[in-house]
Each structure stands twice: as structure tokens, then as C-alpha cells.
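Have a look at the sequence and the fold first, then read on.

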Amino acid sequence: FFHGFYAEETLVGNLASMSTSERIKAIQKMPETMKKKREIRNKVLKEITKKSRHRSTQLCCCTQCLQGIAVSFRRFGNSLSEYFHLLQLQYKTLKVIGAEFGTSVLSYFIFLKWLLTFNIFSFLINFGFLTIPQFLAAEPNNLSFTGLELLTGAGYFQQTVLYYGFYTNATISKIKNGPSYNMQLAYIFTVGLYFVICFLILLFSMAKSFCRNFINPQAHSGNASKLLCTWDFNITNEKAVKLKQKNLSTQIKEDLFEVNREVLSFSVRERVVCIAVHFASWVASLGTALAACAGVYFLSTNNLKLFVKGHRNDLESQAAMLVLPVVTSLLNAFIPFFYSWLGRLERFHTPGQHIYVTIARNIILKISIVGILCYYWLNIVAASESQCWETLVGQDIYRLIVVDFLFCLLGSFFGEFLRRIIGTTVCVNLGLPEFDIGRNVLDLIYAQTLTWIGILFSPLMPGIQIIAFSIVFCVKKVSLMKNCQPPRKVWRTAQMTTSFMFLLFFPSFLGVLSVIGVTVWRLKPSDECGPFRGLSSMYAAVSEWIEILENYTASKWVVWIYHNLITSELFFFILSTSILIIAYLYWQIIEGRKIMIKHLHKQIIN
């Protein structure tokens, strides 16, 4: 008996000293019954608990403090993950939209949710590194709040952390001989690193979407697998079962539409007429975009003259501020309806062709208008007699975003709600409207482009866009469910989300980078406001910082990186060449993988 007891105690001690994986394997290999294995496992766990308690009594105070900090960080991480889980807006709603309206409409809401999450990240960066330190050095605001500032962005908001001009150029230090915070370096490095992170996130998102939808789409949307292998037998709720059935039915219809799509043949005369209609439509659309850009340019220059001269009546001044954003939003709201009408005249063979052509025309219109506004801000406003031209640009962008948001809500009311009333009561032949994917997606890209431009002149602009996108998500969801009908032709749009990401990257994001680059390197900041007052350019703050670091031996490595990498044309040439080579090799790997998948697919079929 004592020999068996001693052997078991030795066994338990040996198992307790093992790692978790080794202990599990050792217990599994024992030639014992399951009941005996459970008893040994419980004894081992008790022995481990005793040893951990004994060790904990011997820990020093510092170690216990570190353990407490680790536990606190773990709890904070868990609460943060729960918070971000709540930000996954209405996942069930997205499933309902996909089941009722198909993946084409669902792609819009997925893109909107992605932009909302992206702006939350942007707001946290700017608020943490710029706004909070500025609060420590902020002076009291003596202006009164009237309520009109919510529309115009001027007045009371002008002396707040919303705009560039309010931020100090001093080094913030609340403790004598303590650590200091250089607002100039914080401002330029925060904005610069933010755009680098945005660049990487957009590249990663595009690559991920491209791999999922172009490289191996059959792995995610196989025709046979949807019918035979995709049912989730864990679903027992009746509503969830019906929703899953609708979702699968819609996806199978989309795949069958792609498979059964007919290749139409036209006579020579019909082809000539079709080409003529397409050519006339493109001439009309490009001419309309050109006229809109000319109108925005002349209106913006006259608008600046009104601001420089000033107004006797404050109400007149507030109304004059809204003329440019209202006219710009009117053009962006009504011209896309004209483009949709042109698309119906052209009679495309598939809904996808109609949507992609509409998106191309809308992106030309909106990016052209943004380009004209950027030229106006960087060449006319920056050279004006304004005391703080950066704040003036920030106010312009604020008004454009707010008015565009209001027009987006009005578009849902007039374009969808009233259209449903007319189609069901006055003119029954019209029927319910369909959700215009192209126009709504370009509205999001236009708003996000303005937000990126405005970050340099208004660091809290992403916070305003968070509120706008949240309301747009709810309004569009309700309007879709109540006012719109599913597409008459069900079709698969696996590649549409990738196209949205690409349009957001080019020309939107790359165009914004060029605007920010010109502003930081070429333009002279205002002499009386902002963190870069008195400098020849915003980038001069970095050059002056490097000159200071040259006097410190410990910072020589930073100076070396600056002179030999950051300011070296050769380094960027080698870097860009390496990226192109890697991209080419990656593309070759992708092509080889696609060929291999097709070959395996043929073998499986045979």
C-alpha cells in the first residue's frame, strides 16, 4: 500500500513539473481507465495550485505590483475588445440586407461600416496626440455660441481645438524642469505617421479583398458548395433558419445569373448605333463635369472676395459662407441623377456594366470638383490677406462636409421615400425604386476625401465624419428596407468591394497625399496663428529639430537616418524599385496559384 501511495505521489509530482502540453500527452498515454486518469489529473491540478500559492507568498512587493499592473492591462484589453465588438454595427442587419437585396447592395453597407471604423481610428490618433496636449495650454474662449456655428463652422468654433489656428507653437510643459511636449513636432509627426498608417491599411485591405475575390473566388463562392455544403446545422432558431435560406437562395441566383448569361449578337447597324449612344453619353457627362468645375471655380473666387471685404450684417455673412458648399452639394446631388438617366438610355447588357460606368462618371465629376477646390485653397486662399488662411480652409471643408451630409439625408427622402409614394399611389407603373449603389458609394468616397484633406487644417474632422457616417448608416438602412425593392436582375458582385477600395486609394487617397505634400513643403504658414507660425514652411520645423539634434552625441543616429535615408533620392529610388519587384513576384505567384487551382478543379470534375 505504502509503495503504491509513494509511487502515485511521485507520479503526481513529476506531472506537475511538466508543461501543460507534455502533461496532457503523458496522461493520455497511461494504461489506465478514464476514471483513473481524471483522478490523477485532478490531483496534479491541486498540486500545481499548492505550489503557485507557496510561490506567491514568497514574491516580493515589486513582483506583486507588476502582476497587478498586468492584470489591469489585461482587463483593460478585454473591455476594449468588448467595446470594439459593439462597434461592429448591427451584424444581423447586414445579414438581412444580403439576404433581401443581394451582395451588390450589401457591399455598400460593408464599405460604409469599414469607413466608419477607419474614422474612429483616425479620431483616436489625433485626439490623443494633438487635442489633449492642446487642452493643457488652451486659453479661454470669449466668443459666444449662437447655434449657427453648427452649420458654418465659424464664430465660436474658430477659437477651439477644432481648427489649426487655435493650436500653439510653444513647447508645453506643466512641471518646472519636467518633461515637455513640442507641439510643432507632434503636429507634423502625428499627421505624417497617420497618413503612412492609412497607406498601409488601404494596401492591406485592397490586397486582402483582391485575394478573396479575384485570386480564389471559388473557395468563397463555389456553386456546388453553396448547394451541398454550406448549411449550418447549429442554426435552430426559426427566424435564423429563414434568413439563412434567403441568403443562400440569393447567392445561388447570383451565381446562376453569371453562368446563364447570354452572349448577345448584334448587327453592324445596331453596333454603330450603340457606339454612337455611348459616345454621346460620355461627351454629355464630361461636358457637364467641366461646366460644374468652372462654376465652382468662379463661385469660390467671388466667395473669397466677400470674406476679405467683410459684411455689415452678421446674418448676411453667415449666409454668404454657405453659398459655396450649397452650390457644390447641389451639383454633386443632381448631376449623378443625370448620369443615371444617361445609363438607362445606353441600355447596358448587365447591371454591373451600368454601375461601373456610372461610378466612373461620378468619380470624374467629384474628383474634378475637389481638385478645383484644392487649387482654390492652395493658390488663392493661401495667398490672400487672411490672418489665418489654414483656419479659413478648415472652415470651408467643415461646411462642405456638413452640407453634403444634409444633402445625403435629403437625397434619401426625395430620391427614395417620395419616389416610393409616387410609385405606389400616383404612377403605379414606376413601382418601387432600386438602391443606387454607384451614386451612394461615390458620396462616401467624396466625403472621406474631404475628411483626409481637412485633417491638416482641422484635426478633429474625423470625429465629425464619425457622427455623419453613423447617421447615414441608420438612415440608409431604414430607407432601403422601407422604400426600395431588390434589384430586378440578381447578379453577383464579389469584386465590387475591391473596386471601392481601389477608388478610395486612387485617385482619392493619392490625390490627398499630393495636396498635403504641397501644403507641408511648399506653402508658407500664417504668421499669426497655428503651430508653424513664423516658419518658411511646415517642414521647416523638422529641419530645425534635426539641427538641434546634431549637437547631441546620443542622437547622431537620428541625424544619420534623416540625411542618408529620408532626404536621399537614391534611397527612395531603391525602395520603390524593390516594391515593384516584390509586387511583380507576388503577381507571378498569384498567376501560378490561379493556374494550379484551375488545373485541380478540372481534375476534380473529371
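Among contacts between residues at least 6 apart in sequence, what share joins residues at least 24 apart in the protein chain? The share is 76%, where a contact means heavy atoms within 4.5 Å.

## Ground rules

This is a predicted model, so local features need a pLDDT of at least 70 and side-chain atom pairs count only at pLDDT 80 or more, while totals for chains, interfaces and linings use all residues. Residues are numbered from 1 along each chain as its sequence is written, and side-chain values use heavy atoms, with hydrogens and water left out.

## The chain as a whole

The protein chain has 21 helices and two strands.

Of the 606 residues in the protein chain, 39% are buried. Buried stands for under 20% relative accessible area, exposed for over 50%, and partly exposed for anything in between (1.4 Å probe, protein chains only). The accessible surface of the chain is about 35,100 Å², and carbon and sulfur atoms account for 65% of that surface. Areas come from the Shrake-Rupley method with a 1.4 Å probe, and for residues only the protein chains shown count as cover.

## Helix α14 and helix α16

Take α14 (residues 351–381) and α16 (residues 437–454): their axes come within 9 Å and cross at roughly 25°. Axes here are lines fitted to C-alpha atoms, for helices over the stretch in contact, with angles from 0 to 180 degrees between N-to-C directions.

Nonpolar covers Ala, Val, Leu, Ile, Met, Phe, Trp, Tyr, Cys and Pro; charged covers Asp, Glu, Lys and Arg; the others, Gly among them, are polar.

Also in α16 is Asn 440. At 1% relative accessibility, Asn 440 counts as buried. Leaving aside residues up to four places away in sequence, Asn 440 touches Tyr 108, Phe 435 and Lys 476.

## Helix α14 and helix α18

α14 also packs against α18 (residues 496–521), at an angle of about 10° and with the axes 12 Å apart. That pair is therefore roughly parallel as well. Among the residues making the contact are Tyr 356, Ile 367 and Leu 378 of α14, and Phe 500, Leu 503 and Pro 507 of α18. By class, the contact has 13 nonpolar, two polar and no charged residues.

## Two more residues

Thr 391 belongs to helix α15 (residues 389–426). Thr 391 is buried, with a relative accessible area of 5%, and touches Gln 158, Tyr 163, Tyr 164 and Gly 165, not counting residues up to four places away in sequence.

Arg 38, in helix α3 (residues 34–58), is partly exposed at a relative accessible area of 46%. Arg 38 and Ile 27 are 11 residues apart in sequence and 9.0 Å apart in space, C-alpha to C-alpha.

Notes. Helices (H or I, at least four residues) and strands (E, at least two) are DSSP runs, numbered from the N terminus. Angles under 35 degrees count as roughly parallel, over 145 as roughly antiparallel, 65 to 115 as roughly perpendicular and the rest as oblique.
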